[in-house]
Amino acid sequence: MGSSLASAIQTENPPNGIATDLGEFGEALWAKKVALDDAVRKAAQWISTARAVLVGAGAGMGVDSGLGTYRGAAMGVWPPLEALGIDYREICTPDALVEHPQLAWAFWRYCMIAYRNAEPHEGYGAIQQWAARARLGVFCYTTNVDAMWPRILQEGSLYEAHGSTSFLQCSNARGGCPGKGMVWPCPDNFAEQLSLEASRDDSVELGALPHCPDCGNLARPNVNLFGDLDFSKKRSRIQREAYRQWLQSVDGDIADELAPVLEQEQLAIEANERRTEPMDQPMSEELLEFRRQAESELLRRPVVCLEIGAGISIPTVRTALETRAAQAGHVLIRINPENCDIPAELQANGRAVSLPLSAVDALRRIADCTQGMR
Ligand SMILES: NC(=O)c1ccc[n+]([C@@H]2O[C@H](COP(=O)([O-])OP(=O)(O)OC[C@H]3O[C@@H](n4cnc5c(N)ncnc54)[C@H](O)[C@@H]3O)[C@@H](O)[C@H]2O)c1
Ligand SMILES: [Zn+2]
């Protein structure tokens, strides 16, 4: 890097010549770079002081590990689907398993092998390190079914809301199966041993497909499919409860810190009630100011909502993280190269940043920036 560019980056002024050489385009580009650097710095500062990190991960998190997404530029879960003229929404259904069991299992077999062979990228490692640093740790809420997160975080720090391809269940879980929604782990090399090909008229015997040990019906991945009434929540319910408890502990931690403010507020409300004037009198300006200060104090050790690669067509993760980030003491970091808009209110309060980068690029930049902050 030339010395004029290096010093310009430090002072955040465009190096001599850039603006004049490239005109408005150059200036806009430079402004974008400065804004991105600012956002990364802010994200790194939040991460390095976080009391807790809530990761919300969508399919985009797996892209830099070579996995496809459901929608968007990195779309593509199983290449033969397109050739067969079948949509992801059609193959990911309980009906597909009933009507075309071999084809459906060929799809799941491909996914399982792809997920298992994928190596978690550097961004996963960074989050693993942050988990050890934040006082209340890291919890990951994900709709990914790729079983990547259990390789990174402990089972008690994970809610795989749409299930996981590393577990199986009976396809007749609601019916007369005596297993009553039992969920069991996929045996090692299970998918590799299924000799299925990508075709509608697959000649593999039905008997070669996995079956429920309790009733003999077809087994299927423990994944919440489209229009799925048979998804067994035996496992995800336990994870959901761990999630609820973790959030409760975070709320408790914040409430402890806000307790003195809330006490003051209660005293003021009671004083207000003793008056003869209407009870819905606005809170005094001093009290509101006191509260604002308490909230900005909380932000010195924020709860970081770190959303990565969550799409907009099934916005489960985005909605959960935005809702959470609206609470006092919370901030939002949204990492997404395509869908990176952030809620206006959070942005206006300086409590959200958007990093329109790939997961690995954004997490690497944040990690590098936190190094200098320790
Ligand atoms: N890996 C998986 O487990 C996987 C893969 C595909 C689909 N699904 C299922 O399909 C649904 C997908 O919903 P979704 O919102 O997670 O995915 P989606 O496909 O709807 O959206 C993916 C998002 O990732 C972003 N993205 C693309 N490349 C990225 C990158 N390199 N880094 C970061 N972000 C990137 C896209 O801009 C998009 O917003 C879920 O229900 C899930 O169960 C799961
Ligand atoms: Zn069964």
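Predicted model: local features only at pLDDT ≥ 70, side-chain atom pairs only at ≥ 80, totals over all residues.
Trainee: Which exposed residues does α7 carry on the face turned away from its buried side?

Mentor: Q129 and A132. The buried residues of α7 are G123, Y124, A126, I127 and W130.

Trainee: What makes those buried residues one face of α7?

Mentor: Look down the helix axis. The buried residues of α7 fall within an arc of 155°, so they line one face. There is a general rule behind such patterns. An α-helix has 3.6 residues a turn, so residues three or four places apart point the same way.

Trainee: How does α12 compare with its own expected span?

Mentor: α12 has 13 residues. From first C-alpha to last, α12 reaches 18 Å, close to the 18 Å expected at 1.5 Å a residue.

Trainee: Which residues of α12 are buried, and what puts them on one face?

Mentor: A359, A362, L363, R365, I366 and T370 are buried. Seen down the axis of α12, these residues fall within an arc of 160°, so they line one face. The face turned away from that buried side carries the exposed residues D368 and Q371.

Trainee: Why is A367 called partly exposed?

Mentor: Count its neighbours. A367 has 18 C-beta neighbours inside 10 Å. Exposed needs 12 or fewer and buried needs 20 or more, so a count in between is partly exposed. A367 therefore counts as partly exposed. A367 is found in α12, residues 359-371. A367 and A43 are 324 residues apart in sequence, and their C-alpha atoms are 9.6 Å apart in space.

Trainee: What stands out about the phi of A147?

Mentor: The phi of A147 is positive, about 60°, although A147 is not a glycine. A147 sits in the loop between β2 (138-142) and β3.

Trainee: Is A147 exposed or partly exposed, and why?

Mentor: A147 has 18 C-beta neighbours inside 10 Å, so A147 counts as partly exposed.

Trainee: Why is K180 called exposed?

Mentor: K180 has 11 C-beta neighbours inside 10 Å. The limit for exposed is 12 or fewer, so K180 counts as exposed. K180 lies in the loop between β4 (163-170) and β5 (183-185). K180 also has a positive phi, about 50°, although K180 is not a glycine.

Trainee: What makes β5 and β6 edge strands?

Mentor: They belong to an open sheet of three strands, ordered β5-β4-β6, with antiparallel pairing. β5 and β6 (219-223) each have a single partner strand, so one side of each is left without a neighbour in the sheet. The twist of that sheet averages 50° from one strand to the next.

Trainee: How do you know that β4 and β6 pair?

Mentor: Two strands pair if DSSP finds at least two bridges between them. Five bridges join β4 to β6, which run antiparallel. That count meets the cut-off, so β4 and β6 pair. G163 stands opposite V223 in β6.

Trainee: What is the strand order of the six-stranded sheet, and which strands stand at its edges?

Mentor: The order is β3-β2-β1-β7-β8-β9; the sheet is open and the pairing is parallel. The edge strands are β3 (158-160) and β9 (352-355), and each pairs on one side only. Here the twist averages 15° from one strand to the next.

Trainee: How many bridges join β1 to β7, and how many join β1 to β2?

Mentor: Six bridges join β1 (residues 52-57) to β7 (residues 303-308), and these strands run parallel. In β7, A52 has V303 as its bridge partner, and A57 has I308. Five bridges join β1 to β2, also in a parallel run. V55 has the bridge partner C140 in β2.

Trainee: What makes β1 mostly covered?

Mentor: Six of its six residues are buried. A52, L54 and G56 point one way from β1, while V53, V55 and A57 point the other way.

Trainee: Which residues come nearest to ligand 1?

Mentor: G58, G60, G309, G311 and E338, out of 31 residues around ligand 1. By class, that shell has 13 nonpolar, 14 polar and four charged residues.

Definitions and conventions: Residues numbered from 1 in each chain as written. Chains lettered and ligands numbered in written order. Helix = DSSP H or I, 4+ residues; strand = E, 2+ residues; numbered from the N terminus. Axes fitted to C-alpha atoms, helices over the stretch in contact; angles between N-to-C directions. Expected span 1.5 Å × (residues − 1). Arc of directions from axis to C-beta. Near = placed C-beta within 6 Å. Nonpolar A, V, L, I, M, F, W, Y, C, P; charged D, E, K, R; others polar.
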